[in-house]
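Biologist: Please take me through the strand pairing towards the end of the chain, and then the ligand site, in detail. I would like the terms spelled out as you go.

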Amino acid sequence: MAEPIRAVKGMNDLLPPDSARWEWFEDTVRALMRRYAYQFVRTPIVEHTPLFVRGLGEVTDIVEKEMYSFVDSMNGDPLTLRPEGTAGVVRAMVEHNALYDGGKRLFYVGPMFRHERPQRGRYRQFHQVGVEALGYAGPEVDAEVILMCRALWRDLGLGEVRLDINSLGQPDERRAHRAALIAHFEAHRDQLDTDAQRRLHSNPLRILDTKNPAMQPLVEAAPQLMNYLGEASLKHFDALKAMLDAAGQPYRVNPRLVRGMDYYNLTVFEWVTDLLGAQGTICGGGRYDGLMELVGGKPAPGIGWGMGIERVLDLVQQVGSAPPAPVPDAYAIVPDATAMPVAVRTVEALRAAGVAVQLHAGGGSMKSQFKKADGSGARHALIFGSDELARGEVAIKPLRDAAAEQVSRALADPAAWATSLRNA
Ligand code: ATP
Ligand code: MG
């Protein structure tokens, strides 16, 4: 046998039965988006590298060390597998002048790629659902995107997920804070790790986002951006807090919360759980009013979040809230291959009538086919036996209800009895 070829490290297959949980999640998300009137968008997985370098910021973990970038061998273009969803959606809105008639509320679902060290909750191909609300400057949209996460946690049957919020103010406010931040870190230069030393002058705010535990005391003691915010920024933040209060959503103001991308301003937030160990952030987002302009569009405000589907589903599995995987309504047993044309015609008619039918394939004895029928979880077995067929009928045997009786139904008109097979 040839040497087996394995999946790329950090990139995982999704197989049954786990895939059922995934489908349930996606269905739940789509229903949520309809309730909030967010529309689906899809952008390419590959983008021009400068979109991320410019959009996310040169001195960020993602751009400095996590991107899958390559040169298009056909034309030399620098390209990158998208590490996140916001830059691509904003680019698409600019490219198609999609905000010409007002704001847009959008969502996406799909794979993202980051070259990180694989571990629980951290993969090289992972998946996000995200929303972007573009063209709305007011804090009511900040509240909306945050509260739709809460609604999703409820729909998914998750317990408490903690909400952290902060305000990053505006670029000019950050400049004043930046000087104080540099002075603070410079006074403790010996305690900075190499990343922090390198970023001290290029992007000191990023140092606050460090994952290095040894740096935490220094980060804790750093001057807080909140103290540098002007009246307008504080007013926006207060308005958001008032709306969260009114909606009964608890939160913690976390002055250390800065997020990993440079495009954020004003509101930033993260949803965190204690049940997933080190990778406890299941969703993060914020406002990015400067991003449209940064990627070459007319200025327009924006806010959104990205949610790690693998992490959310890990949590779903832990709390055991997913419904059981769907099973077929009926399993068609065909003891003799000569009955197959009639069986195929009949199960097609049943499927057209909305019944989920698994057709036995591969022959075998009646007994082995019944075993398969049982294992499928179906509630009924359809038996296409020669006696039944000779009478123009199919036998329907209940598999899960010992009290129910076997019945025969006319092959001539499957639509007439199809609904009796449908699982509630
Ligand atoms: P972290 O701090 O855990 O590295 P992040 O701030 O880099 O996360 P974001 O860019 O904000 O993450 O992405 C939003 C969400 O996507 C995260 O909250 C997380 O749930 C998920 N996520 C990010 N990176 C990964 C990854 N490598 N594998 C799985 N999920 C991820
Ligand atoms: Mg990260």
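Modeller: Two strands are paired when DSSP finds at least two bridges between them. Strands (E, at least two residues) and helices (H or I, at least four) are DSSP runs numbered from the N terminus. The model is predicted, so local features need pLDDT of at least 70 and side-chain atom pairs pLDDT 80 or more, while totals for chains, interfaces and linings use all residues. Residues count from 1 along each chain as written, chains are lettered from A and ligands numbered from 1 in written order, and side-chain values use heavy atoms, without hydrogens or water.

Strand β15 (residues 393-398) is antiparallel to β14 (residues 380-383), with four bridges; one of them pairs H380 with P398. Four bridges also link β15 to β16 (residues 407-410), again antiparallel, and here V394 faces R409.

Turning to ligand 1, 16 residues surround it, the closest being R114, E116, R122, K211 and R259; a residue counts if a heavy atom lies within 4 Å. This shell holds five nonpolar, five polar and six charged residues, where Asp, Glu, Lys and Arg are charged, Ala, Val, Leu, Ile, Met, Phe, Trp, Tyr, Cys and Pro nonpolar, and the others, including Gly, polar. Oxygen atoms of ligand 1 lie 2.7 Å from a side-chain N or O atom of K211, 2.9 Å from a polar side-chain atom of Q128 and 3.3 Å from a backbone N or O atom of I282. Elements giving two or more residues to the shell are β6 (125-134), β10 (281-287) and β11 (302-308); β10 gives the largest share, three residues.

Notes
A polar contact is a pair of N or O atoms within 3.5 Å; within protein, one must be able to donate a hydrogen and the other to accept it, and residues adjacent in sequence count only if both atoms are side-chain atoms.
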